[in-house]
Amino acid sequence: MSARRPIPKWADVTLLPALNLALALVVSGLVVAMIGENPFEAIQVILYGAFGYGDGVGYTLYYATNFIFTGLAVAIAAHAGLFNIGAEGQAYIAGLGAIIVALWLDQTHWLITVPLAIVGAAAFGGFWAFVPGYLQAKRGSHVVITTIMFNFIAAALMIFLLNRVFKPPGVPSLESRIIAEGGRVPQLRQFWSYFGYSPVNLSVFLAIAALILVYVLVWHTKLGYALRVMGQNPTAARYAGMSNSRLIMIVMSISGALAGMVAINQVLGVNNRLVEDFVAGYGFVGIAVALMGRNHPIGIALAALLFGVLYQGGNELQFVMPNVTKEMIVVIQALVILFTGAMEGLFRPSLERTFMLFSPERKVEAVARNTPSTES
Amino acid sequence: MDFNAILSLLDATLRLTTPLLLACLAGLYSERSGVFDIGLEGKMLFAAFAAAAAAAIPVTVYGQWLAMENTTTLDYLTWPLRLVFGNLFFYVGSWFGPVWIGLCAGMIVSLLVALLQGTAAISLRGNQIIAGVAINSLAAGLTTFLGQSWFSQGGRTPALGPGGRFETVTLPFANEIGQVPIVGPIYRELLSGHYPLVYVAFLAVPVTAFVLYRTRFGLRLRAVGENPKAVDTAGISVNKLRYQAVIITGVLCGLAGAYFSIAQGSGFGNNMTAGRGYIALAALIFAKWRPVPAMFACLLFGFLEALQIRLQGVDLPLIGQVPVQFIQALPYVLTVVLLAGFIGKAVGPKAGGVPYTKER
């Protein structure tokens, strides 16, 4: 058997995700068809809902902001060979850091409150990821299991704190006091009326900054180099004098801090208060985003935008086709995770074979195959 | 707390332990064969939905499936499925009752999902953890979505008709022995009067222990999780063994899921399993991947759940109101602490999470 050549880089980052996405969409389309709705019409509604008018664009960007943060959180851990399933819990706990700062300083100006809230959210989210990192680095427990457990611990802790600490008396639902104007992230609609009533806010620029920061960090710093080496080959990293355990803790903290930025968008930008379960699954979407985006900031930006489109379009779809609830989007997200993450082996071998047909070595190999060898 | 209160607490413990135990044993087979299974939750959720949906549909409808004329393309496409499942469910339903349709449907769906996950994790050599995450998301989305579009009740399935739900089993002589003091109430209240699946779950523990430690299959299963290469060298197919394990996992998850919707509850509700799959996973780690300790771990976590329900809004002397969230989080905290090696050390099967590549 001839040795397989890996497929070219450009195909690996464009063709493969596109094929997987197409497959996920086809399967979702079949599900939609199964309940008697027209999938092509559904796509039209989704696209119109996401891009057709200012509010829709705003909502799409707002969702994409969250997905960029969680996607980056998963991706940077993945570069170091770690799988952070805990972005959900880290973002939730980060809400704590954000709300403490916001409630404390909301009588001042947002230019004071928001940067401090970013620090607070990063610290809390980072800490919630640092602990699993520490446990993996120093105690050898698997970061996947620990972060799963930490998601649940975070949920219990936050409900407890909301109930006992943050809930003002007389409010029936689990939420904190509303943040005054000085603690809110300004909405984009204050500058451009184009965005209508959509909740997109300045956090979207924070997301863009995070994309650039992660790019610089991973590909243009010593730390980034070290974490990529560790991700590829921990033994080599060790021999090169890098401390794996230190790297694991640093990377997990950065990952948690990135996930924590969701709290800025949600708590300070949209809800204006800490509400129960404000993360609402964005942490898990981050896994799909990172997988689709091939852990690269540009890919993550595109994948986050795609999921933003799906989320916002999905909300729109509910009104047009009452039978197609927004859970359809969760199904698409799950299929993307399944096909791009777990079933990568589905397309790769056949793609490799297809590319072999066009490779210059192909002729040489074909000749070698057809020439009877003397050994056998 | 008096004797009766303790008894009812323990009774609730048994009821709440059952799905955990079934899921935990399910995970045990898969993980012992070297396939990490984060997707227990998703498979249970799928099974719970399928069981409730299939049991809610009247048996006569399954009969109509068989007699239906094919008109649209969709009809032609689904025709083989209708033929197989219509036959199966119609006869199971008319011979045994709708609840058994539910149980069958739950097990079949969970099995199919397990095979999908298995294909990704075993044949395609994909990332097992990502496969599990995908299954969980898929279950959360698809069950609500299909529930809403089929039944239009906000994602719930319709209430089950007569015979659509498991009846409790009264053990023989429950009333007679029940008259005896102390022992009597324990037998009558605690041991008797549970759903059949409760007994199945606790019977599955010795069966699993026997299979795992006393049969050839069990030996190979343990070996393939520790050192698949050795098993392969002995001429036994690694992938086949892993598929067998995953199939058992699927069936047991099916039972666990069906327990939620057609025994403990009557009908399916959104996200019905509520993270029990993860608690089962925690219990499995807590038990260090062994069947009998798994039972005790599940009993512990089941007891914590029962306690938490009981303590809701109760003022205890000295402590005051116990925050239920602390008890809810306790299984996870305990697992983290155990995994970190602060109390004992949990080390999973060595080859777990690594897809096997046969050498050529």
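These notebook entries record what I looked up in a predicted model with chains A and B.

**Entry 1. Confidence**

I began with the scores of the model as a whole, which are ipTM 0.86 and pTM 0.88. For chain A I noted a mean pLDDT of 88, with 94% of the residues at 70 or more. For chain B the mean pLDDT is 86, and 98% of the residues reach 70 or more.

I then looked up the confidence by element. In chain A the lowest mean pLDDT, 66, belongs to helix H15 (residues 361–370), and the highest, 95, to helix H7 (residues 203–220). In chain B the lowest mean, 68, is found in strand E2 (residues 320–321), whereas helix H9 (residues 196–214) has the highest, 94. I kept a caution beside these entries: where pLDDT is low, the predicted coordinates should not be read in detail.

**Entry 2. Chain A as a whole**

I listed the elements of chain A and found 15 helices and zero strands. The C-alpha trace of chain A spans about 90 × 60 × 35 Å along its principal axes. I next asked what radius of gyration chain A has, and what a compact globule with 376 residues would have. The globule would have a value near 21 Å, and chain A has 23 Å, so the two agree.

Of the 376 residues of chain A, 54% count as buried. I also looked at contacts in chain A between residues at least 6 apart in sequence, and 76% of these join residues at least 24 apart.

**Entry 3. Helices H2 and H3 of chain A**

I followed one helix pair in detail. Helix H2 (residues 39–51) of chain A and helix H3 (residues 54–79) of chain A have axes that come within 5 Å and cross at roughly 90°. Because angles of 65 to 115 degrees count as roughly perpendicular, H2(A) is described as roughly perpendicular to H3(A).

On the H2(A) side, the contact is made by Gly49(A), Ala50(A) and Phe51(A). On the H3(A) side, Gly56(A), Val57(A) and Thr60(A) take part. I sorted the residues of this contact into three nonpolar, three polar and no charged.

**Entry 4. Where chain A touches chain B**

How many residues of chain A are in contact with chain B? I found 37 residues of chain A in contact with 35 residues of chain B. The elements that give two or more residues to the chain A side are helix H5 (110–139), helix H6 (143–166), helix H11 (282–292) and helix H13 (327–342) of chain A. The residues on this side of chain A divide into 26 nonpolar, eight polar and three charged.

Notes. Residues numbered from 1 in each chain as written. Chains lettered and ligands numbered in written order. Predicted model: local features only at pLDDT ≥ 70, side-chain atom pairs only at ≥ 80, totals over all residues. Contact = placed C-beta atoms within 7 Å. Helix = DSSP H or I, 4+ residues; strand = E, 2+ residues; numbered from the N terminus. Nonpolar A, V, L, I, M, F, W, Y, C, P; charged D, E, K, R; others polar. Axes fitted to C-alpha atoms, helices over the stretch in contact; angles between N-to-C directions. Parallel < 35°, antiparallel > 145°, perpendicular 65-115°, else oblique. pLDDT = per-residue confidence, 0-100. Rg over C-alpha atoms; globule rule 2.2 N^0.38 Å. Buried ≥ 20, exposed ≤ 12 C-beta atoms within 10 Å, placed from the backbone.
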